[in-house]
Amino acid sequence: MPIIDMHTHTISKRVEPLIAGQYDPMDNPYRRDMSPESRATDAEQGKLLPRLMLDVAARREVMQRMGVDFQVIAPAPAQQHYWAAEELQVALSRVQNEDVAALVAEDPGHFAGMGTLPMRFPARAIEEAVHAVETLGLRGFQIDTRVENLELSNAAFDPLYARLAKLRVPLFVHPLGFSHGQRLGEFFMVNSVGQPIEEAIAISHFILGGVLDRHPELDLVIAHGGGFYPFYAGRMDHAWKVRPEVKRLAAEAPSSYLKRLWFDTCVFRTDLTEALVAMVGTERLMLGSDFPFDMGDDDPVGLVNRARLSEADREKITFGNASRLFKISKVGA
């Protein structure tokens with residue numbers, strides 16, 4: 001069967017001109033909390049990434065080395081800019097969605113696209129979601145783990161979640177650093193520790209905030225194997241048992257909701273892949289690399305192949321689940 005990588009990124013060259021002079025890039029928690037050493041490394045990475053993100057031939061070359069046949073491409077999370085005022089935020093989402101769609105159109109036999117949404121303005125986000133799906137042909141949307149000061153369990157997002165469920169497209173939740181990461185600057189902990197913290201917080205809000213109960217048809221994908229949450233779910237379940245404020249909005253123990261979420265395999269170790277399978281099963285686990293960032297997995301196929309899995313389960317993770325979620329019916333020319 002073909003191999004689908006559902007977690008890859010691109011950039012839009014049209015974003016930076018729209019925001020030039022309107023904000024301080026150091027307000028972004030990822031850049032704000034990063035050590036000078038890590039900023040220097042990122043700057044070197046920045047020289048290499050645009051070609052890998054925007055050149056279809058370059059992407060295909062790396063895909064061949066990785067053993068991947070098809071990529072789902074999402075915007076780079078750094079370009080979401082939820083701080084922006086309404087019309088600017090809508091424009092930022094629109095150019096990214098158009099640019100993802102244009103990149104996919106260069107080779108639709110090997111690529112599908114996810115867009116992004118102006119999340120701080122949910123009514124406009126609904127409009128953009130409908131346009132991106134029905135006009136641009138995008139298959140889902142990437143959002144951050146929070147929207148400025150709003151958590152993803154906020155009731156303001158309920159109409160958007162309901163509309164996305166009706167559109168039958170997933171939300172891919174992907175953080176960029178940790179909102180309060182001032183202690184994480186050294187040793188690149190802003191990424192290696194901060195990202196999985198954010199993912200655990202987002203999962204907690206979806207479960208304990210009642211989002212999954214209110215929107216059982218909403219498909220939520222959590223990046224990087226769900227961060228820390230699936231590997232520490234026992235503590236979450238214990239809190240739900242003994243603390244009334246934890247179970248107020250969640251009808252069941254938190255771990256029982258994990259099989260209603262989707263996850264990628266970007267956890268880097270075979271034993272952690274197997275632990276993730278033991279916790280969430282194989283029906284909603286998909287191969288994901290985080291291409292082309294240096295924190296991505298450059299051998300995601302090998303990771304899945306080394307895990308103790310049946311051939312049927314391996315096929316679900318590398319092809320079947322992503323093809324079902326993103327409606328990928330044909331791979332190749």
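The predicted model holds 3 aromatic pairs. One of them joins Y23 and W83, whose rings are stacked, with 4.8 Å from centre to centre and 15 degrees between the planes. Y23 belongs to the loop between helix 1 and helix 2, while W83 belongs to the loop between strand 2 and helix 5 (86-105), so the pair ties together parts that are 60 residues apart in sequence. Y23 has a relative accessibility of 21% and therefore counts as partly exposed, since the class of buried residues ends under 20%. W83, at 27% relative accessibility, also counts as partly exposed.

Another aromatic pair is formed by F157 and Y161. Their rings are tilted, with 40 degrees between the planes and 6.2 Å from centre to centre. F157 is buried, with a relative accessible area of 0%, and for Y161 the relative accessible area is likewise 0%, which makes Y161 buried. F157 and Y161 belong to one aromatic cluster together with F206. A ring also takes part in a contact with a charged group: the charged end of K247 sits over the ring of W240, at 4.6 Å from the centre of that ring.

An open sheet is built from 6 strands in the order 4-5-8-9-10-11, and the pairing is parallel. Strand 4 (115-116) and strand 11 (285-286) stand at the edges of this sheet. Each of these two strands has a single partner strand, so one side of each is left without a neighbour in the sheet. The partner of strand 4 is strand 5 (residues 141-143), and the two run parallel, joined by 2 bridges. Within this pairing, T116 has Q142 of strand 5 as its bridge partner.

Strand 1 (residues 4-10) pairs with strand 2 (residues 70-75) in the parallel sense, over 5 bridges. The bridge partner of T10 in strand 2 is P75.

The largest pocket has a volume of about 1100 Å³. Its lining is made up of 44 residues, and those nearest the centre of the pocket are Y30, D42, L176, N191 and F293. The elements that give two or more residues to this lining are helix 1 (15-19), helix 2 (29-33), helix 3 (36-54), helix 8 (189-192) and helix 9 (194-208). Helix 3 gives the most, with 8 residues. Sorted by class, the lining of the largest pocket has 24 nonpolar, 12 polar and 8 charged residues.

The second largest pocket holds about 420 Å³ of space. It is lined by 20 residues, of which N28, P29, D144, R146 and E148 are the closest to its centre. The class count for the lining of this second largest pocket is 8 nonpolar, 7 polar and 5 charged residues.

Definitions and conventions. Residues numbered from 1 in each chain as written. Predicted model: local features only at pLDDT ≥ 70, side-chain atom pairs only at ≥ 80, totals over all residues. Heavy atoms only, no water. 1 Å grid on protein atoms, 1.4 Å probe; cavity = no way out; pocket = protein on both sides within 12 Å on 5 of 7 lines; lining within 4 Å. Points joined across faces, edges and corners; volume = space filled by probe spheres on them. Helix = DSSP H or I, 4+ residues; strand = E, 2+ residues; numbered from the N terminus. Nonpolar A, V, L, I, M, F, W, Y, C, P; charged D, E, K, R; others polar. Pairing = 2+ DSSP bridges. Buried < 20%, exposed > 50% of the residue type's maximum accessible area, 1.4 Å probe, protein only. Phe/Tyr/Trp six-rings, centres within 6.5 Å; stacked < 30°, edge-to-face > 60°. Lys NZ or Arg CZ within 6 Å of the ring centre and 35° of its normal.
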